[in-house]
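This report describes a structure in terms of its chain contact, a helix pair and its nonpolar core. The sequence and structure are shown first.

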Amino acid sequence: MPAFWTDNYPLQYVVRRTLFFVALALFAFWVFFPFYWMVATSLRPDAELYTRNVTLLPQSFTLQHYETELVRYQFGIRLRNSLFVASSTTLLTLIVSSLGAFSITRLRYPGRAALARSILFVYLIPGSLLFIPLYIIVYTVGLANTLISLIITYLTFSIPFCTWMLMGYFKAIPPDMEEAGMIDGCTRLQTFYKILLPLALPGLVAAGIFSFTLAWNEFLYALVFITSSQLQTVPVGLASHIVADIYMWGPLMAGSTMAAVPVIILYILAQGALVQGLFAGSVRG
Amino acid sequence: MAVEVSLKRPPVSTVSPARRQEAVQGYLLVLPIIVLFVCLIFYPFFSAIWLSMTDKTIGTTGDFVGFANYRWLLRWPDFELMLLNTWTIAFVGVAIKFVVGMAMALLLNVEFRGRMIMRGLFMLPWAVPTFVATLTWRWLYDYQNGVINTIATGTGLSDTRVSFLGNPDFALIAVIILVVWKGFPFFGISYLAGMQGIPREMYEAAEVDGANAWARFFYITLPSLRHVIMITCLLSLIWTSNTFEMVYLLTGGGPSNRTQVFTLMTYKLGIENMRIGEASAVPMMFFPLLAGLIVIVSRYMMKED
């Protein structure tokens, strides 16, 4: 921090600057304390957690909660299920969304404007509105209690979102190169995967990251469609500790930390891209 | 809802083979999206309308009962409370998220060392999965060993420990605090992005004219962000009124339905009690309003075309 207590800095400036940093510190405390507490709880022995006088700083460290979560609560199985669901959702989403966004932004045919609008509408429909009829469908076609049911239903929000986002990216890329490619003898599909996709790679990466996190974080469908504990995903598996154990906070916070870290890393990598994609150019000062 | 995608071919005589081939390719490439929407959005939506007028349970097919489920819901003693809770969480939550998000944007728009790192870090509550945020806050609120209680009693702020989540007066506030903590960064980062686009000269000119900081905020910043503010608030209103896991994992709708919301009620009726008919009717009662919000916000989001 610069030493601003000099003749160049009048008193009023110093007061304002100090107030600013106090406000920022208080705000930051509220934002970051829960994270600190989550990680700290996961690393402290039970004796330090279940006492009337919890100290703000840990007195001793232990990895015992991580061991409990991984061994007794079988975090690994949930992790495997979540990884399978999230990566399958991402792969399918990227294929379907990029082809769809290419079609809507690059090819001319009647009804494509209506299609673009319906993609936005469907993206805006909250998942909690349709889970009962989806449950009936999943049950009727015999997919109840399978991970496939999650992948298929997660597509209903990841595909509209990613298609909408990729349409924004594709629109920002001038079609000149693809037109030149077609004159040189490329087919339309070749212009898509040889010219457009490499140019839109950052958008594709962002779309992939967001569909992965959407699937990784999803709770309601995973709670409703999956009944066997061997097929639970990470969110539902962790939530089930609440009824299973009274002294669950250590393992629960250990599991929460392990579930949050991959997503946080992905978000840091793709920072800002979501806001960009969401507004797709509509943010103008 | 009914979005028609015309699959009819244009009259052959007026369309060149190349154009027709382009159209066929176009439809083929969006076909997976259309199939997905028809099977997993439109069909479930219309089947939900039908289900809401039957007495279907899990295991039975159900008979048509007209509007009996709707009448039953309206007569449910805590129905009004559930409505009130849902919209209180949504409107109060969004209003506070707007204020806190704007505060974040204003603070992080000031020049200081480490500003870019702070911007990234302030996104954390939004980046973290909702279930992680909710479980962590449940532990913070805990009656016996929760750190909020420990700090409050330790500093003399409160004489006794408070059961935040079991207290009928505080449970809804506890939910709203979590909703705000989780959601404000989306507002903040959107406003920051918007502020970047406001030309500096506008502020300099205003300063020359003697406008103080408040005036500059109200006459330059706010009007310039009008469009972003509308989108963030409307989007968040749709999402927040459909909050499920925060309530389910924090309070379970209790104490005595004081935090009951419509998504949770749908879950309890449909999944826990297997009463599909009644459960399907609950979201239907919210749909007209949500559909209105979706139409309005989609207009704003398509405006750039």
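The model is predicted.

**Contact between the chains**

Chain A puts 77 residues into the contact and chain B puts in 76 residues. On the side of chain B that touches chain A, helix H1 (residues 17-51) of chain B gives the most, with 18 residues. By class, that side of chain B has 51 nonpolar, 19 polar and six charged residues.

**A helix pair in chain A**

Helix H10 (residues 201-217) of chain A packs with helix H14 (residues 249-269) of chain A at an angle of about 155 degrees, and their axes are 10 Å apart. Angles over 145 degrees count as roughly antiparallel, so H10(A) and H14(A) are roughly antiparallel to each other. Their crossing is left-handed. The residues that meet are listed by helix.

| Helix | Residues in the contact |
|---|---|
| H10(A) | A:Ile209, A:Phe212, A:Thr213, A:Trp216, A:Asn217 |
| H14(A) | A:Val263, A:Leu266, A:Leu269 |

By class, the contact of H10(A) with H14(A) has six nonpolar residues, two polar residues and no charged residues.

**The nonpolar core**

The largest nonpolar core has 157 residues. Helix H7 (residues 147-172) of chain A supplies the largest share of this core, 16 residues. The residues with the most contacts inside the core are A:Leu166, B:Val175, B:Leu178 and B:Leu250. Setting aside neighbours within four places in sequence, A:Leu166 is in contact with A:Ser97, A:Ser98, A:Ala101, A:Ala200, A:Gly203 and A:Ala207.

Terms used:
Residues numbered from 1 in each chain as written. Chains lettered and ligands numbered in written order. Predicted model: local features only at pLDDT ≥ 70, side-chain atom pairs only at ≥ 80, totals over all residues. Contact = placed C-beta atoms within 7 Å. Helix = DSSP H or I, 4+ residues; strand = E, 2+ residues; numbered from the N terminus. Nonpolar A, V, L, I, M, F, W, Y, C, P; charged D, E, K, R; others polar. Axes fitted to C-alpha atoms, helices over the stretch in contact; angles between N-to-C directions. Parallel < 35°, antiparallel > 145°, perpendicular 65-115°, else oblique. Left-handed = near helix turned anticlockwise from the far one by under 90°. Core = buried A, V, L, I, M, F, W, Y, C linked by C-beta atoms within 7 Å. Buried ≥ 20, exposed ≤ 12 C-beta atoms within 10 Å, placed from the backbone.
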